[in-house]
Amino acid sequence: MRHTRIAAALVALAIVLGGLRPAAAQVLINGAGATFPYPLYSKWFDVYTKVNTAVRFNYQSIGSGGGIKQLLARTVDFGASDAPMNDAQLAKAPEPILHFPTVLGAVVLTYNVPGVTTALHLTGPVIADIYLGKISKWNDPAIAKLNPAVTLPDQGIVVCHRSDGSGTSYIFTDYLSKVSEDWNKEPGKATSVKWPIGLGGKGNEGVTALVQQTPGSIGYVELIYAINNKLPYATLQNHDGAWVEASLAGVTAAAAADAAQIPADFRVSITDAPGKDSYPLSSFTYLLVFPKQTDATKGKALVGFLRWMLTDGQQYAAPLQYAPLPSALVGRENAQIGKIVLPGG
């Protein structure tokens, strides 16, 4: 007993002197949603747990549609989506939902065409006709006219698309709705549409795998997935008629072109943006948060992460092929964080 009391006294003395400190209780923040920014979010979550060792993240990369559903059901602390929530979705929420743009990214058309390793040139209307099933062969005159120096095979095109509710699909179909009247009429734009033809893959990972494994295929994925898997991707004709490759500069140019049009709630589309340097399949991606937090500890931790993400976190975007946020937007988002209310606050 005497030894036990001595040991307890020594531990207490060590704590007082700073030699030992009680372990801080860890906070687990749960999120779900977009696969588009998942490579960057994984990096952020890993780095931030070293910035704030009391915080851990559990993120399910299940697609934007799933992230929105889980947020509305309050089974996660934040949702993630590449598509801003529409009015119908927001009407289902018990209170307004705050949209926080995190970075910008590019969607690319990647393909697996035997004998073709160069960057094919494609226009919006041609892409729409491929996905509508109107252009079904790689050597179709419409594709051949855009690529006179390329020997295109007499091979059927296998269209690949997302099978899950997806912000990447929203970006893609939003663009097609702007450049093709036929696409705008049907199927239109949404995180999930009735695809006229094609094979479905789950997540950017699933579509990437389909393209890799299927000769003659074409699919749309976030830029980093094509780069990491060494897949070719198309050069696109933009709103002003210029041919542009997917790049951080092209994404930044698209955001700058529409900067004045970004509304107070940050729900905006920047696909098919004007400007000779603008890449046409560019988009913000968002974290979605309820302003009234139900758990003070989690809410405080989430606020801390959001402020870090908007500042120090932006340096990790470019190495993973995402464009950092414009500085003017960061200031507006920091102000919006003030709308998050903690219990007892």
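Two strands count as paired if DSSP finds at least two bridges between them. Strands (E, at least two residues) and helices (H or I, at least four) are DSSP runs, numbered from the N terminus. The model is predicted: local features need pLDDT of at least 70, side-chain atom pairs count only at pLDDT 80 or more, and totals for chains, interfaces and linings use all residues. Residues are numbered from 1 along each chain as its sequence is written, and side-chain values use heavy atoms, with hydrogens and water left out.

**View 1. A mixed open sheet of three strands.**
Two bridges join S5 to strand S9 (residues 235-237), and this pair runs parallel. His 121 has Thr 235 in S9 as its bridge partner. The strand order is S5-S9-S10. S5 (121-122) and S10 (243-244) stand at the edges with a single partner strand each, so one side of each has no neighbour in the sheet.

**View 2. Helix H12, residues 296-310.**
H12 has 15 residues. From first C-alpha to last it reaches 21 Å, close to the 21 Å expected at 1.5 Å a residue; the expected span is 1.5 Å times one less than the number of residues. Asp 295 caps the N-terminal end, with a side-chain oxygen 3.0 Å from the backbone nitrogen of Thr 297. Buried residues (under 20% relative accessible area, 1.4 Å probe, protein chains only) include Leu 302, Phe 305, Leu 306 and Met 309. An α-helix has 3.6 residues a turn, so residues three or four places apart point the same way.

**View 3. The largest pocket.**
A pocket is an open set of points on a 1 Å grid over the protein atoms alone, with protein on both sides within 12 Å along at least five of seven lines; lining residues have an atom within 4 Å of a point. The space in this pocket is about 200 Å³. Its lining includes Asn 30, Arg 74, Asp 77, Phe 290, Lys 292 and Lys 298. Asp 295, the cap of H12, also lines the pocket.

**View 4. The largest cavity.**
A cavity is a set of grid points where a 1.4 Å probe fits but cannot get out. The structure holds one cavity of 30 Å³ or more. The largest has a volume of about 60 Å³. Of its 13 lining residues, Tyr 170, Val 268, Ser 269, Ile 270 and Ser 283 lie nearest the centre. Helix H7 (167-179) and strand S11 (282-289) are the elements giving two or more residues to this lining. S11 gives the largest share, four residues.

Definitions and conventions. Points joined across faces, edges and corners; volume = space filled by probe spheres on them. Buried < 20%, exposed > 50% of the residue type's maximum accessible area, 1.4 Å probe, protein only. Polar contact = N/O pair within 3.5 Å; in protein donor to acceptor, adjacent residues only side chain to side chain.
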